[in-house]
Amino acid sequence: MSASVARVVPFGRREAERAPAATVSEATEVLIRRVRSGESNARDALVRRFLPLLRQWAHGRLPRAARDLHETEDLVQLALMRALRQIDRFECEGPGSFLAYLRQILLNQVRDEVRRLMRRPESAELDTEMADVDLPSPVEQLVGHERLRAYEAALASLPKRQQGLIVMRLEFGMSYPEIATEVGSTPDAVRVMVARALVQLATALKPHQ
Amino acid sequence: MTGENPDLEKIAAGIADDAALDWRLLARLDGDAADAGDGLRELSQLAQVFRGLQLKPERTAASKVQFRFAGLDVLEQLGRGAQGEVWRAYDPMLDQEVALKLRHVDSDTLAHHFLAEGRRLARLRHPNIVSVYGAAAQDGRVGLWTELVRGRSLAESLQADGPFAAADAVQIGIELCRGLAAVHRMGLTHGDVKAENVLRDVSGRVVLADFGAAREFERDGVFDPVSGTRQYLAPEVLAGDNPGPASDQFALGVLLYRLLTGRYPYAADDLDGLRQQQLAELRTPLRELRPDLPRALPRAIERALAPDPARRHAGVLVLLAALEAALRPWRMQALHWAGVAAVVVVVAAATVWRLLPAPALQLDSSFFRDDASHRERLADGTPIAVGDRLRLEIAAAQPTWVYVFNDDGAAEPTVLFPLPGIAPVNPLQPGTRWQLPGHDGVTALSWQVDREALTDTFVVIAADEPLARVEEGIAQWRRAAAPDSALVSRGVGRLAAAQTPAAVPGTGLTELLRQIGCDAARADLRCERFVFPHTRR
């Protein structure tokens with residue numbers, strides 16, 4: 001079992017298109033501290049680290065009507081900038097929690113965007129078939145609104161640190177070594193932590209009937 | 001508790017690793033762990049969706065776009081039938097590969113029907129039903145696209161590995177019941193439940209594919225003599241009725257019979273012969289072919305095969321309950337309220353009597369309900385419902401002999417503890433918080449409420465020495481207890497108790513309790529009664 005960690009291929013993307021999340025070896029916590037003290041290159045490093053991950057994540061969470069490439073890009077940039085501007089307000093609840101925090105900001109932004117789109121009259125014509133489902137995002141279309149909501153609720157009930165682990169592994173598709181860099185641990189330990197967090201999440205999840 | 005279960009962590013690590021879900025391990029879970037296991041199953045599916053969205057299908061290089069249909073890039077033919085084809089396609093909106101089924105239509109009415117049904121199916125999202133994403137008509141063809149399930153069908157598994165283990169078949173049955181319940185709730189019928197149409201994907205998910213407009217198109221009422229489909233048809237459908245929820249249940253019964261034995265219950269060469277066999281129930285009993293099955297399992301499956309739809313389970317959810325219960329035969333039985341002349345309505349919590357422990361016997365006991373997400377302590381009088389799983393937690397300061405009964409007012413109470421083949425056994429040693437009924441060596445068991453009743457009454461007797469009189473009573477009641485305690489449906493979706501088996505004359509529980517001295521305040525004996533009223537779910 002222990003040997004398997006090394007062999008686990010980072011799922012989702014092929015090496016060529018990997019987000020350069022782990023290229024900067026500095027831990028996110030350190031970068032955040034440097035951003036807070038006003039270092040602009042630390043700020044750039046944070047953006048470089050998280051932008052590709054968030055961009056891809058947003059891709060699945062935005063309704064198709066909003067999935068114009070530029071709009072997605074804008075939205076992700078905006079969320080990241082907002083997070084950086086409020087970085088003093090971010091309370092570090094353990095390693096990995098920054099990404100969970102970013103995801104939450106982006107999720108709120110996505111929801112605002114959906115509300116905005118629904119007020120836009122022409123959106124009705126974009127997809128009349130789906131008119132009764134209120135602009136579903138690909139994730140919603142794939143798993144259904146109710147299931148996604150149940151997942152989000154269960155996730156929100158976990159400690160921030162565990163939320164971070166789950167989000168990094170399942171939603172952002174980061175590899176164990178990448179997460180290990182992020183949380184300052186070893187890949188083996190991360191694997192165990194992710195598994196435990198998943199068991200907790202499973203327990204919090206109301207069974208789907 | 002569940003957080004420390006190594007099996008759960010192993011399954012969770014598999015999900016995190018993106019490995020195939022260990023569904024054998026999942027099927028072995030019980031109690032709290034089983035609920036967490038359901039959660040893990042769901043997470044495994046969500047994880048796959050998240051991963052699918054991270055994946056960029058290699059369509060520019062590896063797969064050439066053959067043609068376009070309704071905005072889909074159609075990539076590769078996966079199969080073809082008499083009237084249609086199945087293609088692998090890429091949906092740029094969903095950024096996912098999908099399965100596209102295409103067929104030619106020559107009438108607008110047919111195309112219209114097809115699209116209408118496609119849209120209806122697209123509203124149904126259930127983990128055990130293949131998801132339909134869209135339907136469209138274009139250039140004289142109609143197409144419907146669904147999720148692309150990567151896995152193999154149960155028919156292929158059966159052919160490769162032979163008949164299924166009981167726990168496996170039951171798990172498949174339970175998941176299909178859930179999926180069919182969702183279909184039936186929408187007023188739809190699947191109409192083609194068969195081993196070829198049930199896929200198990202790499203995550204271990206059981207998916208029912210191909211129904212309604214999404215069905216493979218080769219048939220259209222013409223029975224393909226080699227497809228084997230007709231073996232799944234209920235007698236009423238063979239007689240010309242439209243398929244309905246009851247015929248889906250019949251087909252599921254055939255499927256489970258086949259999974260367990262490798263053969264069909266009825267196998268006549270022509271439709272008339274088939275129907276005659278069905279009506280006369282000329283099949284080899286499941287128990288003869290698989291003597292290893294828990295006794296309640298063949299009963300649950302064969303009820304689904306009843307020729308008269310009204311005699312089948314009242315719905316797939318009732319079949320589900322029966323399948324679940326079949327793996328846990330030590331269920332408690334609820335009050336046979338139909339047979340009780342004067343029904344006493346229990347309004348409030350009613351502890352009939354409870355003698356406080358004398359210093360000689362120190363004991364702490366409470367009932368718990370294992371819920372989806374948590375464990376709830378049940379105070380006397382807490383409402384319970386059919387489907388609840390209960391346990392008794394007991395801790396004693398001295399070696400203690402414990403006896404637990406479900407008192408349904410009939411002459412013979414149901415013995416809930418001790419149970420043959422189940423650990424722990426009397427006396428319960430101090431220093432542990434025992435969970436009764438215990439475990440069978442592999443899985444932790446609980447008592448499941450499987451009948452509707454006004455109340456359930458439990459009697460717990462504890463003593464610091466074996467109670468010969470009680471053990472005699474248990475031996476006598478076990479002999480008398482008819483094993484046939486399966487769910488009986490009355491055809492309207494309500495569960496009712498089976499007819500009480502003819503009671504063997506003997507000592508009743510009340511008399512026994514009096515004999516051993518529950519009425520007298522004895523320091524070395526404790527008698528407790530817990531009454532839980534039922535609520536409707």
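A residue is taken as buried here if 20 or more other C-beta atoms lie within 10 Å of its own. By that criterion, buried residues make up 45% of the 537 residues in chain B. The structure is a predicted model.

**The two chains**

For chain A, 44% of the 209 residues count as buried. Its secondary structure consists of 11 helices and zero strands, so that along the sequence the pattern reads α-α-α-α-α-α-α-α-α-α-α. Chain B has 14 helices and 22 strands. Taking contacts between residues at least 6 apart in sequence, 71% of those in chain A join residues at least 24 apart.

**Helices of chain A**

Helix 2 of chain A spans residues 28–36, and A:T28, A:L31 and A:V35 are buried in it. These residues cover an arc of only 60° around the axis, which puts them on the same side of helix 2 of chain A. In general, an α-helix has 3.6 residues a turn, so residues three or four places apart point the same way. Just after helix 2 of chain A comes A:G38, with a positive phi of about 90°.

Helix 10 of chain A, residues 176–183, is mostly covered, with seven of its eight residues buried. The buried residues are A:Y176, A:E178, A:I179, A:A180, A:T181, A:E182 and A:V183. Just after helix 10 of chain A, A:G184 takes a positive phi of about 65°.

**A helix pair in chain B**

Helix 1 (residues 6–17) and helix 3 (residues 32–54) of chain B pack with their axes 10 Å apart, at an angle of about 5°. Angles under 35 degrees count as roughly parallel, and helix 1 and helix 3 of chain B are therefore roughly parallel to each other. From helix 1 of chain B, the residues in contact are B:D7, B:L8, B:I11, B:A12 and B:I15. On the side of helix 3 of chain B they meet B:A33, B:A36, B:G37, B:L40, B:L43, B:S44 and B:A47. By class, this contact has nine nonpolar, two polar and one charged residues.

**Sheets of chain B**

Six strands of chain B form an open sheet in the order 1-2-3-4-6-5, with antiparallel pairing. Strand 1 (67–69) and strand 5 (132–138) of chain B stand at the edges with a single partner strand each, so one side of each is left without a neighbour in the sheet. Neighbouring strands of this sheet are turned by 40° against each other on average, direction ignored. Helix 4 (residues 108–122) of chain B packs on the sheet, where it touches strand 5 and strand 6 of chain B. The direction of helix 4 makes about 165° with that of strand 5 of chain B.

Another open sheet of chain B has four strands in the order 14-13-19-22, again with antiparallel pairing. Its edges are strand 14 (414–417) and strand 22 (525–533) of chain B, each with a single partner strand, so one side of each has no neighbour in the sheet. The twist averages 25° from one strand to the next.

| Strand | Partner strand | Bridges |
|---|---|---|
| Strand 4 (residues 96–104) of chain B | Strand 6 (residues 141–147) of chain B | seven bridges |
| Strand 7 (residues 151–153) of chain B | Strand 8 (residues 198–201) of chain B | three bridges |
| Strand 8 of chain B | Strand 9 (residues 206–208) of chain B | three bridges |
| Strand 13 (residues 401–406) of chain B | Strand 19 (residues 455–463) of chain B | six bridges |

Individual bridge partners can be named for these pairs. B:L100 has B:W145 in strand 6 of chain B as its bridge partner. For B:G151 the partner in strand 8 of chain B is B:D201, and for B:V198 the partner in strand 9 of chain B is B:L208. B:V402 is bridged to B:A462 in strand 19 of chain B. The hairpin of strand 8 and strand 9 of chain B has four residues between the strands, and B:G204 in this hairpin takes a positive phi near 95°.

**A single residue: B:Q448**

B:Q448 is found in strand 18 (residues 447–448) of chain B. Because B:Q448 has 19 C-beta neighbours inside 10 Å, it counts as partly exposed. The C-alpha atoms of B:Q448 and B:R369 are separated by 9.7 Å, although the two residues are 79 residues apart along the chain.

Note on methods. Residues are numbered from 1 along each chain as its sequence is written. Chains are lettered from A and ligands numbered from 1 in the order in which they are written. This is a predicted model: local features need pLDDT of at least 70, side-chain atom pairs count only at pLDDT 80 or more; totals for chains, interfaces and linings use all residues. Axes are lines fitted to C-alpha atoms, for helices over the stretch in contact, and angles run from 0 to 180 degrees between N-to-C directions. Helices (H or I, at least four residues) and strands (E, at least two) are DSSP runs, numbered from the N terminus. Angles under 35 degrees count as roughly parallel, over 145 as roughly antiparallel, 65 to 115 as roughly perpendicular and the rest as oblique. Two residues are in contact if their C-beta atoms, placed from the backbone, lie within 7 Å. Ala, Val, Leu, Ile, Met, Phe, Trp, Tyr, Cys and Pro count as nonpolar, Asp, Glu, Lys and Arg as charged, and the others, Gly among them, as polar. A residue is buried if 20 or more other C-beta atoms lie within 10 Å of its own, exposed if 12 or fewer, and partly exposed in between; C-beta atoms are placed from the backbone. Two strands pair if DSSP finds at least two bridges between them. The arc is that of the directions from the helix axis to the C-beta atoms.
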